[in-house]
Amino acid sequence: MSKRFQLVGSLLRPAELLEYKRKIEERDDITYPFYADFVGYEACEDAAIRQVIQKQIDHGIDVISDGEYSKALWHLDFYWGLHGIKRKIASGGYLFRDHDGTSEFETRKDIGIDIVAPLSGKNHHLISIYKKIESAANGHPTKLCIPSVSHMYGEITLSKAIGTYNDHVYTSEQGLKDDLLKSYKEFVDDFVAANGKILQLDDCLWTLFADDNPNSPFTGVGEVKGVAFANEFIELNNAVIDYAKAKGLKVWTHNCRGNYKSRNMGAGSYEKIADLFLKQQRYDRFFLEWDDERAGSLESLKVFADRDGEVVLGLLSSKTSTLDDEARVLQCLDEAAKIIDKNRLFLSHQCGFASCDNGNELTEAQQWAKIEQGQKIALQYWGE
């Protein structure tokens with residue numbers, strides 16, 4: 001087992017838990033966290049979380065999570081748990097690239113939110129989930145994964161189909177931004193009070209600002225507008241990062257290019273955004289995706305020469321059912337170690353295996369085989 005191998009977070013859910021998740025997906029007359037709406041759901045989820053934590057311990061995973069078993073989607077459960085949010089079934093889902101690389105694949109539609117009252121992050125349900133994680137982990141390091149503040153702000157301001165806010169709640173985007181920051185700081189306070197140590201803020205929007213991303217709303221509209229909006233994202237995230245660090249937390253991030261039933265969403269290379277999102281954001285650890293050519297070369301790692309922080313190289317794929325090319329992974333690790341110190345590097349799959357509860361197109365046995373392969377490669381490369 002190697003501590004140099006890391007899990008991004010999510011793992012495939014068992015069938016009995018997915019039965020409840022499917023019912024949740026189809027209903028908009030229910031209230032998060034939905035326990036009162038489905039007899040047996042809470043007990044099933046609790047048992048599944050305990051079991052997946054034990055599996056992680058048995059497999060020698062270094063930092064334990066709940067495998068995202070408490071969530072339907074990687075980010076929306078956090079939104080739903082904020083005071084002032086009303087969940088709804090949207091008119092459409094997110095659009096991903098299908099396997100042929102050109103046609104579109106639409107996700108489920110339970111992605112909508114309305115902001116109906118001033119936001120607050122106090123007494124969030126995920127804090128109770130974290131307490132269960134820590135209890136079941138029996139002293140092993142644990143983390144909690146939530147979406148970054150900039151991701152939530154960006155999603156609401158860029159896609160009115162996903163989120164709306166009533167004029168009587170916020171009359172400006174600045175008011176929304178202010179209350180989002182307040183809500184995240186309230187959540188951090190509760191996380192620290194629950195003995196939290198590692199908070200991971202996940203984000204899918206960085207590559208919107210890469211001018212080699214053909215699917216970005218900023219592609220072709222001018223660099224100034226894109227950079228100005230990117231700087232808003234960075235300032236928001238750093239405000240939360242600094243606040244959490246001052247409270248004694250380690251703050252990590254994962255940048256994702258989309259992960260839904262083994263489909264992807266985003267293009268855009270890290271080189272184009274390195275001086276913004278890699279260099280300026282003050283995270284302690286970056287989980288980055290390099291499983292295919294969309295991320296560009298590893299040269300973007302050069303920005304870490306002038307700043308602190310660890311990098312988890314997502315060179316393995318969670319989207320495929322087969323094992324990865326070990327020679328390629330070792331070659332990439334060697335290439336990365338020529339740019340920044342080998343001791344600042346870790347290895348992972350590019351994303352979790354089930355960012356949304358339906359999961360990627362592989363079996364649980366294949367998932368654990370891929371995890372064991374990652375651990376073997378890391379042990380071979382680092383010797384620890």
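In this predicted model, D334 has a relative accessible area of 41%, so it is partly exposed. The label follows because partly exposed covers the range between buried, under 20%, and exposed, over 50%. D334 lies in helix α9. Its C-alpha atom is 15 Å from that of L316, a residue 18 places away along the chain.

Two packed helices are described by the angle between their axes and the distance between the axes. Helix α9, residues 326-337, packs against helix α10, residues 364-382, at an angle of about 45°, and the axes are 11 Å apart. That angle makes α9 oblique to α10. The crossing of the two is right-handed.

Which residues of α9 and α10 meet? From α9 come E326, V329, L330, L333, D334 and A337, and from α10 come Q373, K376, I377, Q380, Y381 and W382. Sorted by class, the contact of α9 with α10 contains seven nonpolar, two polar and three charged residues.

One of the α10 residues in this contact is Q373. Is Q373 buried or exposed? Its relative accessibility is 5%, and therefore Q373 counts as buried. Leaving aside residues up to four places away in sequence, Q373 touches L323, D324 and E326. E326 is also among the α9 residues that meet α10.

Helix α5, residues 149-158, and helix α6 have axes that come within 10 Å and cross at roughly 150°. The two are therefore roughly antiparallel to each other, and their crossing is right-handed. On the α5 side the contact involves V149, M152, Y153, I156 and T157, which meet E173, L176, K177, L180 and Y184 of α6. The residues of this contact divide into seven nonpolar, one polar and two charged.

Helix α6 itself runs over residues 173-193. How far apart should its ends be? At 1.5 Å a residue, its 21 residues should span 30 Å, and the end C-alpha atoms are 30 Å apart, so the two values agree. Several α6 residues that meet α5, including L176, K177, L180 and Y184, are buried. Other buried residues in α6 include D179, L181, S183, E186, F187, V188 and F191. Just after α6 comes N195, which takes a positive phi of about 75°.

Key:
Residues are numbered from 1 along each chain as its sequence is written. This is a predicted model: local features need pLDDT of at least 70, side-chain atom pairs count only at pLDDT 80 or more; totals for chains, interfaces and linings use all residues. Side-chain values use heavy atoms; hydrogens and water are left out. Axes are lines fitted to C-alpha atoms, for helices over the stretch in contact, and angles run from 0 to 180 degrees between N-to-C directions. Helices (H or I, at least four residues) and strands (E, at least two) are DSSP runs, numbered from the N terminus. Angles under 35 degrees count as roughly parallel, over 145 as roughly antiparallel, 65 to 115 as roughly perpendicular and the rest as oblique. A crossing is left-handed if the near helix is turned anticlockwise from the far one by less than a right angle, and right-handed if clockwise. Contact means heavy atoms within 4.5 Å. Ala, Val, Leu, Ile, Met, Phe, Trp, Tyr, Cys and Pro count as nonpolar, Asp, Glu, Lys and Arg as charged, and the others, Gly among them, as polar. The expected span of a helix is 1.5 Å times one less than its number of residues. Buried means under 20% relative accessible area, exposed over 50%, partly exposed in between (1.4 Å probe, protein chains only).
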